Structure formats: structure tokens, C-alpha cells
Amino acid sequence: MIQCSWSQGMKKKPDQLSKGVRSVWSEGNPRNESGGGGGERCSCDAFLPGSTFPVGDLVVIEQTAVEISHELELEMGKLGEYEIKVTEYEEKIVKLTAKIEKMEENPDGYSESEQNEIKIEIKQVEALIVDLQLSINGSTAVLKSLRVQITVMVETLNRLEKTYDKNLILVTRREYLKVQLQLEECERRHQELFYPNIGSCAHTGITKLSKPIVSQLNAHLNAGYKFGGWGKDSKPIPDRESMYWYSGYTSASIIDIRFYTNYKNLILRNHFQHHSLQTSWRGTGTNFIFRDNTLYYQINSPFGLAKLNFTTMAYESRVIPKASSGFSYAYFSSQNFDFAADETGLWVTYATQQSAGRMVIAKINEASFGIEEKMETSIYKPGVSNAFMVCGTLYAVRTIDTITEEIFYKYDTKTKEETYISIPFERFQEKYSNLHYNPADQKLYMYNDGYYVQYHLWFNHTAVATTTTAPQVLLT
């Protein structure tokens, strides 16, 4: 610090200067206002700090932040790999269990070499599971270690900020905050992947999708069955929480549906029920879902909504005035009505001539099968590949290229606000006929050219999604 003042009298001797003070300049004997010479003068003293700024500590923090950021990127990449491996190992266990069950039924029908082969497969699966568990535990340990390192960083920054120039500290603090947010995001994804908060809508929307998790080809083992859907009951009745369903055909129709007690039986194609719809109640389109032990689908005679309650085995239909059969999704025709279920209930989307093809969102009263509320969006349905609902928000998807889809739009039915976003995700095959979200496990189910495909979703619990310019498929 530099301090200047007028003084009168003789100049101080060097040994009279205060400790830590240096005279940087002086002007002796200026004349005063009265013209007298006197001993008046202007002097400035520089007060130097007792210690220098510890730049080394700041450099260490910056280097640590870079290293932590790199480790977090690696860990976030591993999370997607873990989910894919879990699904693959689950399928291996299912098929191996089936082999063992057959062997137990007829142990004498298998040679010693065949039995040894089964034993080897069991050991291989055990090794894979142990390796995966070690990897997951390793990631958990890494995240805990990074949390400790960041805690040390913030303590050091707090100490430096209190002791030294705050302006210098704030630059590094901003970098630290970025790293801290990365860690929190990685920990959140880890938590959502292995311990999802089912039923919670305490977030601002989807931020990321996993890579496509491919279960297998459909129950017909026929890639020609490109039209259909699969998944779980979004509001399962007691003792049916693990049940899966599948319906597929060679055209955009729904004529029957199969049910499986669990994922194992789905993979083994071992259904416990196969029901064919009555001829007059067969449906069209492929955007059907299963909720509360009831199948919801599109029917053409009359053109409207239909449902089949598998508890009462009763059919019911509803006609939505003004709903048009002239607007379908980009991939296939007859996708006029698209049913969706989420944490808030049951929905259906469609388009009308009055809306000029723009999508309309309608909330369905499940008890009466009537429409409670309608909302018109600004997106043109034929320019959309598919759509789904999550926590009362519509998400619309479009095709980017041969392997990439993009969630490009969302409409919040609570606030009536629409936002253009960009969340790309990978597609397994070229086209898909059914895409829906299931609130019971927070996964996205896709029927992709005859294959069972699913995605894990990650949600934004802190920030607002980035908006982009409205795409050309929108009508303004």
C-alpha cells in the first residue's frame, strides 16, 4: 500500500522509518502559501505485505482440478458401459439357467463332456459378474476419493481467499465450481443408474440417454415383424410388477399380444398368455401401450381410441372429434394416435385439420376413458419420428441420420411452455415403430425393426436445459 502526506520539520533518518516501510520519493523544501521556506514537504511511503502470495498452492489446485475433470469424464463413460454389461450378463444367466433346468430334468441324457461344458460356462459367468462388481465398486471408490480431493481444494481456496487478494482467487474458484458440478453430475448418474428414484419428478427434464440396450429379436424370431411394441405395464397390478408384454406383426396392425412373467421368460420366448383380439376389435397403428392391466391402442372402425381391460376382458372405444387420420409420424402411416403414460397419468397425442397437422396433447381420464384437457403444440406431426411423455412433459423425437435420433422439442403441460432442445441418442436399426416411456422403471422402450431395445434416462436436477433455434419441421 502507498500512503502520501505533508510533513513539517527535518527529514527522518533511515533508522527512524517504521519497519516494513520504504520511502519511494520525496520533494524537499517547497514554498508554502505564505511564501515561507520552512521544512514542509510531500512524502509517500510504500507498505509491503509481510508475506508473498503462495502461487504454488494455486498451481497445485489448478492441476488437481484438471486431473479430477479427466477422471470424471472417464467415470461417466463407464456408467453407460455398466448398464449394457448388466443386460448382457442377465441374458447369459437366463440362457444358462434354462440349460441347467433341462439338465436337471434328464441328467442321464447328458455326457460328462457336456456337463463339464456347462460347468465352464457357469465359471465364466461368475467371473464376468465378479469383474463387473469390482468395476462398479471401483467407480464408487473413485467418486468418494474425488469428493475428498475436492473438499481439500475448497478448504485451500477458502484459506487463500481470506488471507490474500480475492480477485486472484475467484478465477480459480470458478474452475473449481465447474469440477464440483462435474462430480455431482457423475454421482447423480451413478445414483440414477443403480438406485433410481422411481416416481419422482424433482427435476427439470431429460439430459441424456444411454446407448441402445438390445435384448434380442422378437418372439417370432423374424425380422419381418417390423411393426409392434414391447415393454412392461406402466401401472402394474399386484404380482405383475415383473411382467413383460409383446405384440408384433408384418404390418401396422395389432391383432394379438403375448405376456411373460419376467425378463427371463421374455428372452426364452416362454409366454404364459397369448391373447388374440376379437376380429371387430383389431387395431391399426403401432403406438399402443399397456397400463393397469389394460391395452390401449388405435382402432379404425370407428376411427378413435380403444382399450381392452384384461381384468374384466371388456372392450371399450372413444371417438375424439376432429382427430384426423391424415397425419402420421414420419416413419409409418396409421400412427395417428400415440398413447403415452407417465408419472402423472395417461395421455394420447394426435393432430387435426384445424391444427394444420400440429400435434395435440390430450390427458385421458382412466376411469371414464374420456378426455380431460387438450393442448395444441407448434410441432408438425409428419416431421416427427415419435414422441413420449415424462412427468407431464411431451418430448418429440426426429431423425438426424442413419444411426442418430434427437429429442428436439418438449412441451410442459403444467406451464404450457414449449422449448427446443437437443438431446441426441443412438439408434440400433434404421426404423422403429413404437417408442414409449415407462414410469415404473424410468426407462424408454423402443421396438426397432423387430428388436427389443431400451434406454436408460438421466434427468437434470440442477440446471435448465439448453435451448436451440426452432427446427424447420415447426409451423409458425
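Tyr 447 is buried, with a relative accessible area of 0%; buried means under 20%, exposed over 50% and partly exposed in between, for a 1.4 Å probe and protein chains only. Tyr 246 likewise counts as buried, at 0% relative accessibility.

Colleagues, a word on the basis of these values. The model is predicted, so local features need pLDDT of at least 70 and side-chain atom pairs count only at pLDDT 80 or more, while totals for chains, interfaces and linings use all residues. Residues are numbered from 1 along each chain as its sequence is written, and side-chain values use heavy atoms, with hydrogens and water left out.

I begin with the aromatic rings. A pair of aromatic rings is described by the distance of the centres and the angle of the planes. Rings of Phe, Tyr and Trp (its six-membered ring) pair if their centres lie within 6.5 Å; planes under 30 degrees apart count as stacked, over 60 as edge-to-face, and the rest as tilted. Across the whole structure, a search finds 25 aromatic pairs. One of them joins Tyr 246 and Tyr 447 in a tilted arrangement, 6.1 Å centre to centre with 40 degrees between the planes. Which parts of the chain does this pair link? Tyr 246 belongs to strand E7 (residues 244-249) and Tyr 447 to strand E24 (residues 443-448), distant parts of the chain, 201 residues apart. Strands (E, at least two residues) and helices (H or I, at least four) are DSSP runs numbered from the N terminus. Both tyrosines belong to one aromatic cluster, together with Trp 230, Tyr 244, Tyr 263, Tyr 445 and Tyr 452.

Two charged side chains also meet rings. A charge sits over a ring if NZ of Lys or CZ of Arg is within 6 Å of the ring centre and within 35 degrees of the ring normal. Lys 381 lies over the face of Tyr 329, 4.6 Å from the ring centre. Arg 398 has its charged end over the ring of Phe 408, at 4.9 Å from the centre.

I turn to the interior. In soluble globular proteins, nonpolar side chains tend to be buried together. A nonpolar core is a set of buried Ala, Val, Leu, Ile, Met, Phe, Trp, Tyr and Cys residues joined through side-chain atoms within 4.5 Å. The largest one here has 24 residues, and those with the most contacts inside it are Ile 206, Leu 209, Phe 388, Val 390, Ile 407 and Leu 444. Strands that each supply at least two of its residues include E4 (206-209), E19 (386-390) and E24. Strand E25 gives the largest share, 4 residues. Leaving aside neighbours within four places in sequence, Val 390 is in contact (heavy atoms within 4.5 Å) with residues including Ile 206, Tyr 437 and Phe 459.

Finally, the sheets. Two strands pair if DSSP finds at least two bridges between them. An open sheet of 5 strands runs in the order E8-E11-E12-E13-E14, with antiparallel pairing. Why is one side of E8 and of E14 left without a neighbour in the sheet? Strand E8 (253-254) and strand E14 (314-318) stand at the edges, and each has a single partner strand. E8 and strand E11 (residues 283-291) are joined by 2 bridges, with Ser 253 opposite Thr 284.

A further open sheet has 4 strands in the order E15-E16-E17-E18, also with antiparallel pairing. Its edge strands, E15 (338-342) and E18, pair on one side only. Strand E16 (residues 345-351) is joined to E17 by 6 bridges, and Ala 351 stands opposite Met 359.
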